[in-house]
Amino acid sequence: IKEALVKAKVTDTLHLLRSLGNTERVFKNEMSLKAKAIETEKPGDINAIYPYIKGENYRKSFQETGDAYSSVWSCGQSIGLINDIPPCQQLLD
């Protein structure tokens with residue numbers, strides 16, 4: 001996940017769930033692009049995109065696999081401003 005954060009640019013996000021009145025900015029990856037395409041085809045149909053956006057996918061990515069590309073997860077445009085992720089000790093020293 002950390003590598004994806006450092007590599008990402010400001011343009012590596014997209015809006016999702018707009019048709020449901022609950023717009024969310026998410027990391028642009030294969031899963032979020034699929035969800036966006038389905039939402040475009042079936043606006044307002046949460047059941048159609050649920051398999052892609054469900055929290056269990058996010059949990060697995062962040063807590064088990066570390067794969068930033070296998071789930072849909074929220075992030076802001078500021079992701080493009082991240083240049084490194086130093087260890088906490090380095091920040092404290």
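Hi everyone, let's start at Y50, which is partly exposed, with a relative accessible area of 46%; buried here is under 20%, exposed over 50%, and partly exposed in between, with a 1.4 Å probe and protein chains only. Before going on: this is a predicted model, where local features need pLDDT of at least 70 and side-chain atom pairs count only at pLDDT 80 or more, while totals for chains, interfaces and linings use all residues. Residues are numbered from 1 along each chain as its sequence is written, and side-chain values use heavy atoms, leaving out hydrogens and water.

Y50 sits in helix α3, residues 46-53; helices are DSSP runs of H or I with at least four residues, strands are E runs of at least two, and numbering goes from the N terminus.

Now the aromatics. There are 4 aromatic pairs, counting Phe, Tyr and Trp rings (the six-membered one for Trp) with centres within 6.5 Å; planes under 30 degrees apart are stacked, over 60 edge-to-face, the rest tilted. F62 and W73 make an edge-to-face pair, 5.4 Å centre to centre with 80 degrees between the planes. F62 is partly exposed at 35%, whereas W73 is buried at 3%.
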